[in-house]
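Let's take a walk through a protein model together. Have the sequence and the 3D view open while you read.

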Amino acid sequence: GGVGGGKGKGKGGGDVVSALLDAGRAAAATPSSSAAAAVAAAAPSGSGSSRGVLHSIARLVAAVLCSSSDGGDGSKAVIKSILAEAAKGNGSGGGGGGGGEQVLVFATLCLGEIGRRGGLAGDDAALASQAKEVLAAPMASDTASDELARVAASALGAAAAGGVAARARGRGKSGKTDESGGELLSWIADRVAAATEAAVAELAAVDVAAGDLRSAEAQRGAYLLLRSLNEAIVEIATVSSSSSSSSSSQQQQQLLPEAAVDRLLEVLLAAAEAGADDEARAVAAEGAGHLARADPSRVLSALVAAAASDRVGARLASAAAVRHAVAGAPPHLISALSSSSAATASPVAATLSLLGDPDRHVRKAAVQALSGTARHAPGLLSADLLGASLPLLYKQTVPDPSMVRVVDLGPFKHRIDDGLEL
């Protein structure tokens, strides 16, 4: 009623938001409460238990708050109260106990959904800066729970994407880049780049046989930053795809300028190549694949060049990124994935040529890309392309003695074939 309440829409919206926040806090503190049960019953099937309920309420809070007619001071006051609530858990390990932890999670979910709708963008630099600090704090804290840290990472990425979209829609009243828009996205990218450089420097300073000496906290922080960046890119790519299918390549261009695309791609490919673990590399490659929806020609050209690199990590990142680009690709991206020139192969052809790569990890990524293409976009696999690729695929089924190793387990020996995963 508060959203469509005509003249009293502002006041009604405020009342609705207050009621929703109270319901969310009650559901977070007591998952079995009547408020939680009511929202769970109304939530879509498969939305999950406690987290799904809290996320459903957070979406409602953001929808009402960001459409409320009182806008300005009233909305800011509510956002500041949510920020204060989320900030209580910074560095405190979640505020003690499951109920307190879930209240912090709920407040963070609300901030993420408000940010996704552009509610943290605008001319209030102090509010935007506070939101960034509150959302980034659990990611850097060694006492915050994994759940809170992951929710904060997603919320930070959603806020970055929402700020970029809000700026593209012309919401900002000044000509300056606001903290929650392009600046927040750039800040996340710079943090990812710094974490990648630190990891490369640290690994270069030690004997590889000694293992990765990075602390668990440093690895978690780097991974969460990648999750934030990936969340922002997925959201931006979704908006870019819908705008490109409806009308406006101009709007798409405004959403992510060429310089921003180049910077994001550089950061993601570097992270995918130098990732400390498979999970971090996978998240970075996924982000690069989704980025192709925002600017297909620039991103796919870079991925084709990376597929021809003499660095194993670059080829591996390229193949993984193309696999993610193909999955659920909109029509304009499908067309770009199949396009080639006299000088360069198409992105799909360049990726499938890696089926014959000397490195088994690159070959595995190429096999996964072939499988994903056959499933999501079989039209990209022409007869000529299959004719060149299938012999390389079949070759992977022949046992290779050089990939078989014997592990001595004391009374008996165990043979492991590293080629079986292909």
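Here is a tour that goes from the whole chain down to single residues.

**Ground rules**

This is a predicted model, in which local features need pLDDT of at least 70 and side-chain atom pairs count only at pLDDT 80 or more, while totals for chains, interfaces and linings use all residues. Residues are numbered from 1 along each chain as its sequence is written, and side-chain values use heavy atoms, with hydrogens and water left out.

**The whole chain**

What does the secondary structure come to? The chain has 18 helices and 2 strands. Helices here are DSSP runs of H or I with at least four residues, strands are runs of E with at least two, and both are numbered from the N terminus.

Of the chain's 422 residues, 45% count as buried. "Buried" means under 20% relative accessible area, "exposed" means over 50%, and "partly exposed" is in between, using a 1.4 Å probe and protein chains only. Now for contacts, which means heavy atoms within 4.5 Å. Among contacts between residues at least 6 apart in sequence, 70% join residues at least 24 apart.

**The core**

The largest nonpolar core has 106 residues, and Leu 185, Leu 229 and Leu 291 have the most contacts inside it. Helix α7 (residues 146-168) gives the most to this core, with 12 residues. A nonpolar core is a set of buried Ala, Val, Leu, Ile, Met, Phe, Trp, Tyr and Cys residues joined through side-chain atoms within 4.5 Å.

Setting aside residues up to four places away in sequence, Leu 185 touches Ala 160, Val 164, Leu 229, Ala 232, Ile 236, Leu 256 and Leu 264.

Helix α14 covers residues 312-326 and reaches 22 Å from its first C-alpha to its last, close to the 21 Å expected. The expected span is 1.5 Å times one less than the number of residues. In α14, 12 of the 15 residues are buried, so-called "mostly covered". Among the buried ones are Arg 315, Ser 318 and His 324. What covers the buried residues of α14? The list includes α11 (258-274), α12 (278-291), α13 (296-307), α15 (331-338), α16 (347-352) and α17 (360-376). After α14 comes Gly 328, with a positive phi near 70°.

Helix α13 has 12 residues and reaches 16 Å, close to the 16 Å expected. Its buried residues are Pro 296, Val 299, Leu 300, Leu 303, Val 304, Ala 306 and Ala 307. Seen down the axis of α13, these fall within an arc of 160°, so they line one face of the helix. The arc is taken from the directions from the helix axis to the C-beta atoms.

**The hairpin**

Strand β1 (residues 404-408) and strand β2 (residues 413-417) run antiparallel and are joined by 5 bridges. Two strands pair if DSSP finds at least two bridges between them. Arg 405 has Ile 416 in β2 as its bridge partner. The two strands form a hairpin with 4 residues between them, and Gly 410 in the turn has a positive phi of about 90°.

| Residue | Relative accessibility | Class |
|---|---|---|
| Ser 228 | 0% | buried |
| Cys 110 | 1% | buried |
| Thr 108 | 4% | buried |
| Gln 219 | 24% | partly exposed |
| Cys 66 | 30% | partly exposed |
| Ala 194 | 42% | partly exposed |

Ser 228 sits in helix α9. Leaving out its neighbours within four places in sequence, Ser 228 is in contact with Met 139, Ala 153, Leu 156, Gly 157 and Ile 188. Thr 108 lies in helix α5 (residues 97-116). Beyond four places in sequence, Thr 108 touches Ala 86, Leu 135, Leu 148, Val 151, Ala 152 and Ala 155.

Gln 219 is also in helix α9, which covers residues 216-246. The C-alpha atoms of Gln 219 and Ala 280 are 61 residues apart along the chain and are separated by 8.9 Å. Ala 194 belongs to helix α8 (residues 182-204). Its C-alpha is 10.0 Å from that of Ala 271, which is 77 residues away along the chain.

How many disulfides does the structure hold? It holds 0, where a disulfide is a pair of cysteine sulfur atoms within 2.5 Å.
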